[in-house]
Amino acid sequence: MRAWATAIAFTAIAALAGCNQGSLGPAAVDGESIVDADSEPGNWLTHGRTYSEQRYSPLEQINAGNVGEMGLAWSYELPSNRGASATPIVVDGVMYVTSAWSNVVALNAATGEEIWKWDAEVPRSRGQYACCDVTNRGVAVWNGKVYVATIDGRLVALNAEDGAVAWSQLTVDQSKPYTITGAPRAANGLIYIGNGGAEYGVRGYVSAYDAATGELKWRFYTTPNPEGPDNAASDSVRDQALATWNLQEGAWRQSGGGGTAWDSIVYDSELNRLWIGVGNGSPWNRQVRSPDYDGNNDNLYLSSIVAVDADTGAYQCHYQTTPGDTWDYTATQHIMLATLEIEGQERKVAMQAPKNGYFYVLDRNDCKLISAAPIAQQTWTTGIDQATGRPIENPEARFVAGSAIVLPSPFGAHNWHPMAMSQQTGFVYIPVQELAQDFTTDSRFVYRPGRWNTGTVHAGLPMDPAARRAVTNSMSGALLAWDPVNQRQAWRVELNGAWNGGALATAGNLVFQGTVDGHLAAYNAQTGEKLWDFDNQAATLAGPMTYMVGDTQYVASLASYGSVFFLAAGFAAPREGDNLNGRVNVFRVGGEATLPPRNFVRAETPEPPALRVPAAAMLRGEAVYGQFCNVCHGPGAVGGGVIPDIRRSTVLQDQTVWLQTIHGAREENGMPDFSDWITPQDAELVRAYVAQQARLLYNQEHAQGGAGGQRGR
Ligand code: CA
């Protein structure tokens, strides 16, 4: 690992920071300063601004009265066109932000000038294990260091002044398909980090490391070890968890069961607890993971919110949002802490809108359900039993013997895009969406270590453009203002499609939210009236944030294509061409900067080779494509505009180059080596299938009078 040379003397930044009242620089960020974040509202010290992660800022210089005069202050080009998911941290005039492939940059928060950058140098082949793109949700800052977790499973401490590596710890077994996209959290001198990879086959856990030395302090596994204790904090609940799994059969014993904590890990400064959002099972499908038997098959602690002691990792309590999950209904989503007055009583609550379509309010003392209500259409339950806290399942949704169309889809009614809560309105603002999914048990499922292992098969998107449009048009998204006390909608703004961005609430009576079609908008927090909109030129999915330098308030937002929606989902980015790297766009009232023009040129599709193979062989090619290629190159070989569309690739023209590419020739560019999985014969059948798909595109473009040239929206 190497740090770039310091571009600007740090002293210059320290001088600039001197304008900020009460500022002491990153060296002073500790638990007390984060608890007292409201005394330094110009800073944004931790992922969700405060330990409660409400993403509410007391700043009000930008407000409902003047937000219409807000314009671009500066823009910084990130070094990748892949997904940008980070919430920047700002400490005394310096912004620390991550981009795809876990890279970090420190910027002058007033001007966007680069102070230092650090390249995580992640081997690009690691990208094959990132189900949902090689994104990163941001850093933690603590006591003079900046902490980032990398796609290949390292936790790295960088000196805040110059980006030099202070320490680096491997937090995963790299022989397994672990990845990390989550932001570390810092509290009590510890750095907390989870991991991902449950689609491929891993066992989830959260680790706590000493912030100063990098020494591992404790680890909590979210699924039990059937072989014996782990000598870890989770051993005390191993029996409790084991009693909820089929011990005789099921792929969970090979995969580790999943339950990865890839996003929300929230420190509760009032109860000294860590709240862990736990992900889906591995494989997804419970019938192959832990088949039905005469016993409790809830599979703890999958799809649960688990509270542990922040110092020791000792289990405190849990609530399972989706017992025996079979739909990829993670409970990794944003956990927000608050104190609410409910039926005349002050209650310390944890709130979450996991993927499964409900909004939960839990008691932070005992993890018991206070209330739950659906925030989107869902078909997997007929309700929640308030007495037991358990969902009342719709038995048809479990596709035990066959198929079912279920809402929400694995994209969730809400995914990782952060919520926000206004202390003025009391509403929680949720990026909500409605998408259905057809689930079918994969009757020929075989566990393949390190490969896509969900135990389900899904119908692809239709190839016919009109039918395809009909499918994508059926997906809807909205910004939902939710009253968490009364569990009801306050207002709702319909958006143009699903997979919209995170939210920010401010004391200026504002809510900011980005959209999948590339805009950042501001709304009146009370009414939902749209007050401002900016064309960010790329999907704006990350959580926006706000800060002050000197006497000026800024709002920052990241924009980029990438993310799972433009890879696995096969939804084309609305604009294609060159110059599509992600950006950090920062706004202030009166800002007059402009974004550089984008070059929306797309090369003409070369005429694909005519590869005639028997129908059965073509089906084989399609099946192999579906198994190994689909996740990145898109269903039906329809690229999402981020990774090259292989239908347009010259590689398709040449049998030898095609095979070499599949067998590792482009590993450095991120194309995995599939030589253990795809034989030369199968590679050629995949080529025939992709060429067939390319022919459809080629004919379509030529029927329209040719492709290429300038392309707008
Ligand atoms: Ca998942």
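**The open sheet and its surroundings**

Modeller: Four strands make up an open sheet, ordered E27-E28-E31-E32, with antiparallel pairing. The edges are taken by strand E27 (420-421) and strand E32 (488-495); each has a single partner strand, so one side of each is left without a neighbour in the sheet. E27 is joined to strand E28 (residues 428-434) by two bridges, and these strands run antiparallel. Ala420 has Tyr429 as its bridge partner in E28. Keep in mind that this is a predicted model.

Next, the calcium ion. Its protein donors are Glu199 (OE), Glu199 (OE), Asn280 (OD1) and Asp328 (OD), which lie 2.4 to 3.2 Å from the ion. Along the sequence, the spacing of the donor residues is E-x80-N-x47-D. Glu199 sits in the loop between strand E13 (190-193) and strand E14 (205-210), and Asp328 in the loop between strand E19 (315-320) and strand E20 (335-342), so the pair ties together parts that are 129 residues apart in sequence. Glu199 and Asp328 are both buried.

Last, the nonpolar cores. The largest has 95 residues, of which Met95, Tyr96, Phe512 and Tyr547 touch the most other members. Leaving aside residues up to four places away in sequence, Met95 touches Trp74, Pro88, Ile89, Val90, Val105, Ala106, Leu107, Ala109, Tyr547, Ala556, Val584 and Val586. A second core, separate and made of 26 residues, includes Trp275, Ile305, Ile335 and Cys367.

Note on methods: Residues are numbered from 1 along each chain as its sequence is written. This is a predicted model: local features need pLDDT of at least 70, side-chain atom pairs count only at pLDDT 80 or more; totals for chains, interfaces and linings use all residues. Side-chain values use heavy atoms; hydrogens and water are left out. A nonpolar core is a set of buried Ala, Val, Leu, Ile, Met, Phe, Trp, Tyr and Cys residues joined through side-chain atoms within 4.5 Å. Buried means under 20% relative accessible area, exposed over 50%, partly exposed in between (1.4 Å probe, protein chains only). Contact means heavy atoms within 4.5 Å. Donors are N, O and S atoms within 2.8 Å of the metal (3.2 Å for Na, K and Ca); water is not among the atoms, so sites may look incomplete. Two strands pair if DSSP finds at least two bridges between them.
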